[in-house]
Amino acid sequence: MKVAVLGYGTVGSGVVEIINRNRAEITKRTGEEIEVKYVLDLRDFPGDAVEKVLVHDFAIVANDPEVETVVETMGGVKPAYEFVKECLLKGKNVCTSNKELVAKHGAELIAIAKEKNINFFFEASVGGGIPIIRPLIQSITADEILEIQGILNGTTNYILTKMEREGLGFDEVLKEAQAKGFAERNPDADIKGYDAGRKLAILTSLAYGKQVDFEDIEMEGIENITSKDFEYAKALGAKIKLLASSKKVNDKYYASVLPRMVNEDNQLFSVNYVLNSILVKGNVLGDVMFYGSGAGKLPTASAVVSDVVDTLVNRGRNIKINWSSEKLEISKPEGAVYNFFVRVAEDNKSKAKELFGEVREVKAALVENEYAFITDAITEAEFKKKAEKIEIISRIRTEFK
């Protein structure tokens with residue numbers, strides 16, 4: 001089977017490397033060899049073996065009937081969307097790692113693949129090398145999914161782990177993460193929760209079968225988390241994680257990416273540094289957890305190549321993916337219920353008790369002149385109304401009482 005790779009960056013080069021390195025193993029398992037016929041990129045790569053198959057014109061790929069499967073690793077929506085759509089319309093399978101593309105146009109591209117009796121696969125778009133898309137599509141189909149909760153961004157998990165374990169400030173750890181290549185020069189997509197939000201949009205769309213728009217997800221980043229917050233978390237036997245969560249409550253659906261305090265009762269408590277994990281709660285199966293490398297050249301490329309192999313194994317057969325273009329209505333975050341961890345100045349202690357009633361007080365050994373507490377369960381709207389009447393230093397939603 002001849003394939004073309006669009007984009008020879010980190011993931012694209014990893015795809016080519018894995019196909020070439022594991023050619024014999026793949027052939028043994030499938031009974032057919034996979035050959036990279038083209039690699040499309042605007043750049044030249046002098047001295048790289050890819051020069052033999054490098055092209056700069058997308059039309060060469062699109063118009064070659066021998067190319068059966070196209071791998072898109074360009075990133076972004078333009079021109080990736082136009083390229084992927086044209087390939088599907090011409091009857092070529094597409095495998096992608098592009099979370100922006102899948103979150104925005106997934107339903108449409110899945111529908112085209114179904115019409116053409118080919119496949120549009122995107123395992124690597126969420127969780128890098130962690131297999132999560134295929135289980136949602138093929139393995140957990142007998143369950144009603146009640147909730148998905150995950151650590152979907154390795155950069156933010158690395159920063160929060162370093163802050164917790166070394167008592168460092170956010171800015172200091174961010175600079176270190178950038179120096180090590182864990183964070184981009186412009187880190188907003190990670191630290192503000194956008195990256196995790198796009199991944200959550202994909203998972204939620206698959207879980208409930210309808211389109212979830214990234215823009216409808218409540219998102220809050222980690223840039224305001226301080227070392228003092230971690231002192232309190234330590235006193236509570238808790239950690240602070242950026243959690244992506246979608247769940248069905250009665251007939252309402254909520255989706256958010258928010259910093260949360262979690263204790264050891266939550267399976268995500270022990271997921272540290274750049275590792276990712278996704279917890280799926282089904283009404284019959286219960287809790288299932290997926291854990292591993294959420295990014296990186298070879299883990300992500302491995303997931304892409306697995307999809308390529310799947311297009312070969314399922315040649316002439318469309319794998320049904322339950323994701324329609326009908327929009328899933330995400331409820332306003334004001335109705336979501338949390339226990340809030342709150343910090344105020346010591347002088348505001350009586351005012352806090354007056355507003356929030358009986359609360360759980362929290363004392364941290366290294367923090368003075370503050371009053372900290374955890375509220376009873378309260379809606380986001382109720383909390384905001386009370387918070388307007390008192391000066392709050394910080395507040396973090398908790399996963400426990």
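Does Asn266 count as buried or exposed, and at what relative accessibility? In this predicted model, Asn266 counts as buried at 10% relative accessibility, where buried means under 20% relative accessible area, exposed over 50% and partly exposed in between (1.4 Å probe, protein chains only). Asn266 is located in the loop that links β11 (252-263) to β12 (275-282). Leaving aside neighbours within four places in sequence, Asn266 is in contact with Gln149 and Glu399, contact being defined as heavy atoms within 4.5 Å.

Because the model is predicted, local features need pLDDT of at least 70 and side-chain atom pairs count only at pLDDT 80 or more, whereas totals for chains, interfaces and linings use all residues. Residues are numbered from 1 along each chain as its sequence is written, and side-chain values use heavy atoms, with hydrogens and water left out.

The protein comprises 14 helices and 19 strands, assigned as DSSP runs numbered from the N terminus (helices H or I, at least four residues; strands E, at least two). Along the principal axes, the C-alpha atoms fill a box of roughly 75 × 45 × 35 Å. Of contacts between residues at least 6 apart in sequence, 74% join residues at least 24 apart.

Buried residues account for 54% of the 401 residues.

In soluble globular proteins, nonpolar side chains tend to be buried together. The largest nonpolar core holds 115 residues, and Phe120, Phe122 and Ile159 touch the most other members; such a core is a set of buried Ala, Val, Leu, Ile, Met, Phe, Trp, Tyr and Cys residues joined through side-chain atoms within 4.5 Å. Apart from this core lies another, of 17 residues, among them Val344, Phe356, Phe383 and Ile390. Residues up to four places away in sequence not being counted, the contacts of Phe122 include Ile110, Ile133, Asp307 and Trp323.

Thr300 lies in helix α12 (residues 297-313) and is buried, with a relative accessible area of 8%. Not counting residues up to four places away in sequence, Thr300 touches Val11, Ser97, Ala124, Gly128, Gly129 and Ala295.
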